[in-house]
Structure formats: structure tokens, C-alpha cells
Amino acid sequence: MLTAAKNQLRVSLLCVKYNIMREMVNRVTFLTNICFMILNNATFLVQWMILFRLRGDVGGYSMREIMLLWALTAASFGLSHILFARVFSLPELIINGKLDAYLVQPKNVLVSVITSATDVSAIGDLLYGLGVMAVLGLGVKGVLLFFLFMVTGAVIFVSFSLLLGSLSFWFVRMDMLEGQAVMVMISFATYPDGIFTGISRFLLYFVIPVGIAVWHPVHMISKFDAGMLVTVLGYAVLLLAAAVAVFYRGLRRYASGGLMEARM
């Protein structure tokens with residue numbers, strides 16, 4: 001089993017490598033997409049800098065914490081879209097019967113699907129997040145926690161999208177709900193949790209897991225809490241397990257689209 005897992009990991013990494021190499025055929029477009037994403041993210045930080053000149057803090061956050069919030073969100077988002085971009089368009093594959101090409105491959109179906117595409121602009125997100133993290137000077141402990149939470153954040157983003165996308169096996173037009181939910185998660189992740197109260201705060205912690213993916217980790221990098229760490233790690237593992245279970249349960253209902261399509 002260990003050998004099979006290692007082989008699957010090797011194949012998955014090769015898929016990501018070849019996805020990136022395929023995108024690099026047009027070097028100008030490849031680099032332009034990355035650079036524009038970095039500039040786009042930097043623009044928002046400039047807006048926050050202007051806002052902090054007008055008031056001392058926002059939702060209990062200082063400018064440094066806002067930068068950390070953006071860095072972690074961008075890095076987690078970037079990592080998830082570099083490695084597993086196809087999971088964010090899973091409903092389209094299910095609804096249009098395009099999973100056939102993955103079902104005949106001699107490797108794990110789910111892994112084959114989610115590693116079959118890479119979002120080039122996400123490389124810019126990842127580089128931006130790592131760059132801001134470096135500027136902040138977090139220290140060894142802070143950097144280690146940042147990388148840990150970058151991974152858990154990516155796992156939560158991917159698992160949340162996979163869970164909602166897999167519901168397309170049962171319900172039509174889940175692509176709209178999945179797309180909107182992920183965008184809401186990304187959008188709210190770049191704002192301080194202190195500005196949300198009542199029902200909105202409840203939803204952003206227990207329905208759309210922004211709090212577990214980003215807000216808790218940002219607080220822990222600033223002030224470590226072992227109990228909160230266990231919560232984040234446990235949530236990421238449980239959400240991933242639930243998402244995988246729902247996908248394979250739905251795959252039993254999958255109706256082929258009858259498409260003749262080859263995967264290289």
C-alpha cells in the first residue's frame with residue numbers, strides 16, 4: 001500500500017509538472033499572467049494602507065496583521081489552484097459527462113481529475129503570499145506555522161470545493177452554487193474577522209469555513225494556541241475525508257456522457 005501511495009504521489013506531481021510545462025509554451029502569456037496577479041494583489045494592500053492612515057485599526061487588526069491575512073490567503077489559494085485547479089470546475093465535468101476519460105486511467109480517479117489542470121495565475125498568488133510573508137519577518141516559528149497553515153488552508157479550499165462540486169452527482173446547476181461559495185470564501189478571507197458579528201460570523205465559521213482556513217491561523221501565527229492548532233488540523237482532515245466520501249458515493253450514480261476523449 002505504501003508503494004502504491006508513493007507511485008500515486010509521483011504520478012500526481014508529474015501531472016502538475018507537465019501542466020505547468022504545457023502552459024509555459026507561450027512564455028510571454030505565462031509570465032504576464034503571473035505578474036498581473038501579483039500586481040492585482042498588491043493593489044489591494046495599497047488600499048488598506050490608505051485606510052489605516054485614516055484610522056488606527058480595522059476589526060482589531062493592525063496593518064501588519066492585514067498583510068499576514070492577505071499573504072496566507074493568497075498563498076493557500078495559489079497552492080490549491082496550482083496543484084488541484086480542476087476541482088474548482090468539477091461540476092462542469094460531472095454535468096457534461098466528461099469524467100469518462102478519467103475512469104479508464106490506471107490510477108486513482110479523484111486524484112486524476114483534480115490534478116489534470118493548473119491555474120497559471122495562481123503561481124502569482126503563491127509568490128505574492130510568500131513574498132509578503134518574507135517581508136513581515138515572522139521568525140523561524142512564524143515561518144513554519146505559515147507554511148503549515150498554507151497547506152491546511154489549501155486543503156480546506158480544495159475539500160470545500162470538492163464537497164460542493166460532488167453534489168452535482170445528485171443536483172443540477174451545482175456549478176453556480178459551488179462557484180459562488182468558493183468566491184465568497186476567498187473574498188471574506190481577506191477581511192478581518194472582527195468586523196463580522198452575529199449570523200454572518202456564524203456562517204463564516206460553520207458553513208463557509210473562512211474562519212478555520214484563514215482567521216484562526218492568522219491569530220495563531222501572532223499568538224500560538226495549541227488547542228486552536230488541533231482544531232484547524234482536525235477540521236482539515238475531517239472535511240477532506242467527508243469530501244472524498246461524497247465524491248465516491250456520487251461516482252456510483254455517474255452517467256457517462258459517451259464522449260470520445262483521450263487523456264495524455
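This is a predicted model: local features need pLDDT of at least 70, side-chain atom pairs count only at pLDDT 80 or more; totals for chains, interfaces and linings use all residues.
Residues are numbered from 1 along each chain as its sequence is written, and side-chain values use heavy atoms, without hydrogens and water. Local features need pLDDT of at least 70, side-chain atom pairs count only at pLDDT 80 or more, and totals for chains, interfaces and linings use all residues.

**Helix crossing**

Helices are DSSP runs (H or I, at least four residues), numbered from the N terminus. The axes of H2 (residues 27-54) and H7 (residues 121-136) come within 7 Å and cross at roughly 45°. Axes are lines fitted to C-alpha atoms over the stretch in contact, and angles run from 0 to 180 degrees between N-to-C directions. The crossing is right-handed (the near helix is turned clockwise from the far one by less than a right angle).

Contact means heavy atoms within 4.5 Å. On H2, the residues meeting H7 include Phe 30, Ile 34 and Leu 45. H7 contributes Leu 127, Tyr 128 and Val 132, among others.

**Aromatic pairs**

The structure holds 11 aromatic pairs (ring centres within 6.5 Å, using the six-membered ring of Trp). Phe 146 and Phe 147 form one, 6.2 Å centre to centre with 90° between the planes. That pair is edge-to-face (planes over 60 degrees apart). Their accessibility is tabulated here.

| Residue | Relative accessible area | Class |
|---|---|---|
| Phe 146 | 0% | buried (under 20%) |

Elsewhere, ring pairs link Phe 169, Trp 170, Phe 247 and Tyr 248 into a cluster.

How values were computed: Helices (H or I, at least four residues) and strands (E, at least two) are DSSP runs, numbered from the N terminus. Rings of Phe, Tyr and Trp (its six-membered ring) pair if their centres lie within 6.5 Å; planes under 30 degrees apart count as stacked, over 60 as edge-to-face and the rest as tilted. Buried means under 20% relative accessible area, exposed over 50%, partly exposed in between (1.4 Å probe, protein chains only).
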